[in-house]
Amino acid sequence: MESEKVLCVAEKPSVAKEIAKILSGNRFVMRNSRINYIKNYEFKCQLNSKEVQVIITSVCGHINALDFPSQYAKWDSCSPTVLFDAPIVKKTIDENAESIRENIFNIAHSVSHLMIWTDCDREGEKIGSDIADVCRMANSDIVVSRARFSAIIPLQIKRAWESSAQLDMNQAEAVGTRMELDLRIGCAFTRYQTLGLRQIFPELGNGILSYGSCQFPTLGFVVERYKAVENFIKEKFWKIHVVEERDDTIVNFNWDKGVLYNVNCCNAIYCDLIMDQPVIATVIEVVTKETRKYKPFPLTTVELQKAGCRFLHISSDEIMKIAEDLYNKGFISYPRTETDQFDHHFNFNDLIQAQTQDPRWGDFASSLLDKRITTRKGRHNDQAHPPIHPVQYATGLTSKEKTVYEFVVRRFLACCSDDAKGNETTVRIKIKEEYFTAKGLVISENNYLDVYPYDRWSDTNLPNFILNETFTPKECTMVEGETTPPEYLTEAELINIMDKNGIGTDATIHEHIKKIIDREYIEKRDQGNKTYLVPSNLGLAIVEGYDSIGFNESLTKPLLRAKMEQNLKEICEGTREKNAVLTENVNKYRDMFLITHNNLQLLIGGFAKYFASSSGTDDVHKVFNDIINVENPKLVRWCRDSWPMYLKKIQNNWIISCINYPNCNYDGFFFNNSSSIKSITVNNEVCSICSKNPLQPVYCLTIVYRTNRIIRGCFGGCDDNMDMLLSRSSGTSNKPRNIDADSHSRRDRGSGSGTRGRRSSRGDGENDIQGTSQGTRGSRGSRVSKRGGRGGRGSRGRGNRAGRGFTSTRGRGRSRGRGSNDNDSGVYDNEPL
DNA sequence: GCAAGGTC
């Protein structure tokens with residue numbers, strides 16, 4: 001009997017390989033897939049005391065992404081407001097992902113068990129659930145389980161193999177929610193501000209003015225610091241400074257009171273001190289204690305990026321590219337990790353041994369061999385990857401690769417070393433009732449500092465002072481000073497702030513910074529030997545413009561994103577449902593969008609400070625009104641030969657499709673702006689506009705917009721009025737095309753399968769369809785039969801449902817809330833989703 | 001042409 005087959009799928013090729021090595025004991029057959037970096041590893045292995053055949057492969061991150069259907073692709077195809085409610089389609093990311101998907105799909109046919117080995121985080125759970133979907137499509141009986149591991153080491157992997165559990169669908173749903181919200185909000189605001197502001201301010205050229213829930217707070221941080229510097233008001237202060245010279249060494253004593261901002265107050269104290277000459281200082285305390293400079297924590301991605309900017313003078317974006325190259329060449333471990341603690345079983349010795357051959361740090365590495373290695377333990381563990389460390393000795397590197405590799409090695413060796421140690425002496429003196437302190441440091445053991453030159457710790461000489469001795473200081477002066485402004489933000493600081501505020505992830509922080517540089521929101525400025533980030537005029541205009549609107553929760557501050565993250569966490573914890581979070585957030589951001597539009601003069605005002613406007617106030621409103629009031633129905637396709645049509649509402653969109661071809665998803669009219677539509681009425685009676693063809697069933701459509709504008713048109717009878725209706729949908733000619741029935745049905749078959757599978761589950765509670773039925777059911781039914789349809793049963797079914805589509809939805813709107821099946825509410829199962 | 005999140 002053939003043994004059971006298990007398919008294991010990891011999130012990335014490197015993990016698939018490691019797991020294969022561990023579970024097979026390095027005895028596997030490696031087969032290529034169509035993508036050169038995706039391999040399939042095959043071997044036999046015991047699972048629950050039974051021998052099974054194992055195939056381990058991987059995806060390469062996400063395989064699916066969300067997007068709007070193609071009819072929304074053009075930026076002026078609809079109002080940006082529509083994007084808050086528009087349908088969303090799931091698509092494979094690109095051709096590579098398609099091949100990866102095929103690889104899994106093909107294997108899944110012949111296996112009985114799928115084990116998910118994606119990273120054990122939120123994104124991993126989503127990727128895993130997408131993998132499971134692919135496999136279930138190939139093999140509906142496949143048993144799916146989830147391996148959970150906290151490090152890719154034999155103990156963990158073997159335990160995960162023997163005790164796999166279930167996917168956490170809450171986490172997968174949370175990621176799906178994030179994806180949808182980012183898409184809707186990002187695209188809506190980006191289109192709106194780009195299309196509008198570029199028209200008003202020609203200097204902006206053709207660049208994109210993007211909005212993103214991460215990029216805006218990132219810009220906000222840069223602007224905030226910039227303003228703190230620019231608006232800084234210097235303040236004078238005064239202090240008393242005592243200097244002593246002894247054994248050719250100058251000793252500065254700092255006043256315990258620090259500084260005073262009141263000159264009279266400081267002067268009074270000072271006058272009292274120097275009233276009796278000579279000034280006598282008494283040593284009241286001489287303490288020497290051991291101190292240490294702690295060695296660094298194990299290296300995370302964020303720390304690597306910060307160090308790259310600070311010590312290596314390489315941008316975070318570039319340093320990640322270099323780190324990924326080093327990883328792909330097998331020189332360093334996985335560079336995207338949040339973990340700052342090494343596992344108990346981590347094998348330090350072999351890795352240190354590998355570095356002993358280097359002329360720069362080899363001797364230091366040798367000195368660590370055979371020592372008991374202890375490292376500092378940070379508070380982060382992503383349960384997937386160890387801290388970044390060298391995995392083998394590297395040669396043949398480019399100049400920048402060398403720099404980064406050297407940093408990784410030195411950091412690793414520093415972690416394995418001991419803290420630097422020294423003795424710190426504190427001398428405290430008293431003059432009358434005022435106290436002053438001086439400190440000195442003598443380093444006794446450099447330890448990690450010998451291999452880690454990025455940290456500085458130096459001796460400060462302090463000559464001998466004896467307790468209770470008195471002396472007359474060389475100087476005792478009152479010194480005036482003034483406060484100095486903070487410095488502009490450095491990239492390292494920005495990374496730190498983003499990390500602390502939860503903006504982006506370790507793997508994306510550098511992308512957000514690069515994005516706002518590419519968008520010309522911020523720029524780099526060299527000053528001295530440092531590089532700072534400062535906002536451009538465009539960046540300042542955006543932040544000032546949006547901030548002047550005065551939202552309750554600022555678009556340019558991190559709190560908004562943090563709240564969304566909190567909602568996602570609640571989905572993960574099972575305390576909230578995906579749909580509730582989606583609805584709440586979509587409504588919230590839609591409100592913010594509309595507040596922006598209603599306060600346009602404030603947004604424009606922010607820009608007008610920096611850019612010349614080409615438009616007057618009225619023009620500004622017209623430009624933006626034109627952008628969001630795209631009210632006219634949009635023609636997607638019109639299949640004239642497939643009358644009659646039916647009307648349905650999906651999510652927030654009106655669809656008119658042909659009854660004869662229920663799989664005709666896109667052949668019909670698509671009113672993708674229902675947020676501006678108050679009602680749509682279909683009367684299948686003689687059209688009052690044309691009255692041309694009373695013998696044909698004619699469907700008269702009346703669209704009432706929220707602005708009370710009414711458009712009427714008819715179809716099924718008079719092309720003239722249809723043309724009129726359609727030609728208003730855009731500036732171009734939208735003359736309906738004739739499509740013959742045969743080619744039409746072929747296309748239907750092609751498009752049907754790919755667009756099924758998702759049910760609308762969110763009604764909007766409105767009751768917009770006010771259809772009437774006047775003896776049309778029979779005629780529609782007979783038409784369907786005459787046209788062929790799909791036979792008697794099918795035509796009857798469709799006829800009835802079409803009738804409901806037109807006629808029976810009165811009063812049903814509210815029942816189409818979450819959880820209801822669209823088939824029960826007059827909507828076909830051929831959703832365009 | 002738009003987001004942010006995976007990864008090569």
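**Aromatic rings and their surroundings**

Mentor: Let us begin with a charge placed over a ring: the charged end of Arg-376 lies 3.9 Å from the centre of the ring of Phe-297, over which it sits. Arg-246 is placed over the face of Phe-471, and here the distance to the ring centre is 5.2 Å. Please keep in mind that this is a predicted model.

A pair of aromatic rings is described by the distance of the centres and the angle of the planes. The count of aromatic pairs comes to 31. Take Tyr-192 and Phe-624: their ring centres are 5.0 Å apart and their planes stand at 55°, so this pair is tilted. The reasoning rests on the cut-offs, since planes under 30 degrees apart count as stacked, over 60 as edge-to-face and the rest as tilted. Tyr-192 belongs to helix H5 (residues 169-200) and Phe-624 to helix H19 (residues 617-628), so the pair ties together parts that are 432 residues apart in sequence. Tyr-192 has a relative accessible area of 0% and is buried; Phe-624 is buried too, with a relative accessible area of 0%.

The pair of Phe-201 and Phe-607 is stacked, with 5.7 Å from centre to centre and 25° between the planes. Phe-201 is found in the loop between H5 and helix H6 (215-230), and Phe-607 in helix H18 (residues 600-608), so parts 406 residues apart in sequence are tied together by this pair. Phe-201 counts as buried at 0% relative accessibility, and Phe-607 counts as buried at 0% as well.

Tyr-192 and Phe-624 also take part in a cluster linked by ring pairs, together with Phe-84, Phe-189, Tyr-211, Phe-216, Tyr-546 and Phe-593. Leaving aside neighbours within four places in sequence, Thr-556 is in contact with Phe-216, Pro-217, Gly-220, Val-543, Tyr-546 and Asp-547. Thr-556 is placed in the loop between helix H15 (537-549) and helix H16 (559-573), and it is buried, with a relative accessible area of 3%. Its side chain makes a polar contact with the side chain of Asp-547 at 2.8 Å, and another with the side chain of Ser-554 at 3.0 Å.

H5 gives the most to the surface near DNA strand B, with ten residues. Strand E5 (64-67), helix H9 (316-328) and helix H14 (509-518) each supply at least two residues of that surface, as does H5. In total, 43 residues surround DNA strand B, and the closest are Lys-12, Cys-60, Arg-198, Tyr-334 and His-512. Of the atoms of DNA strand B that come within 4 Å of the protein, 62% belong to sugar and phosphate. By class, this surface has 15 nonpolar, 14 polar and 14 charged residues.

A polar side-chain atom of Asp-182 lies 3.1 Å from a sugar or linking oxygen of DNA strand B. For Leu-183, a backbone N or O atom is 3.4 Å from a base nitrogen of DNA strand B, while for Cys-214 a backbone N or O atom is 2.8 Å from a phosphate oxygen of DNA strand B.

Notes
Residues are numbered from 1 along each chain as its sequence is written. Chains are lettered from A and ligands numbered from 1 in the order in which they are written. This is a predicted model: local features need pLDDT of at least 70, side-chain atom pairs count only at pLDDT 80 or more; totals for chains, interfaces and linings use all residues. Side-chain values use heavy atoms; hydrogens and water are left out. Rings of Phe, Tyr and Trp (its six-membered ring) pair if their centres lie within 6.5 Å; planes under 30 degrees apart count as stacked, over 60 as edge-to-face and the rest as tilted. Helices (H or I, at least four residues) and strands (E, at least two) are DSSP runs, numbered from the N terminus. Buried means under 20% relative accessible area, exposed over 50%, partly exposed in between (1.4 Å probe, protein chains only). A charge sits over a ring if NZ of Lys or CZ of Arg is within 6 Å of the ring centre and within 35 degrees of the ring normal. A residue is near a molecule or strand if one of its heavy atoms lies within 4 Å of it. A polar contact is a pair of N or O atoms within 3.5 Å; within protein, one must be able to donate a hydrogen and the other to accept it, and residues adjacent in sequence count only if both atoms are side-chain atoms. Ala, Val, Leu, Ile, Met, Phe, Trp, Tyr, Cys and Pro count as nonpolar, Asp, Glu, Lys and Arg as charged, and the others, Gly among them, as polar. Contact means heavy atoms within 4.5 Å.
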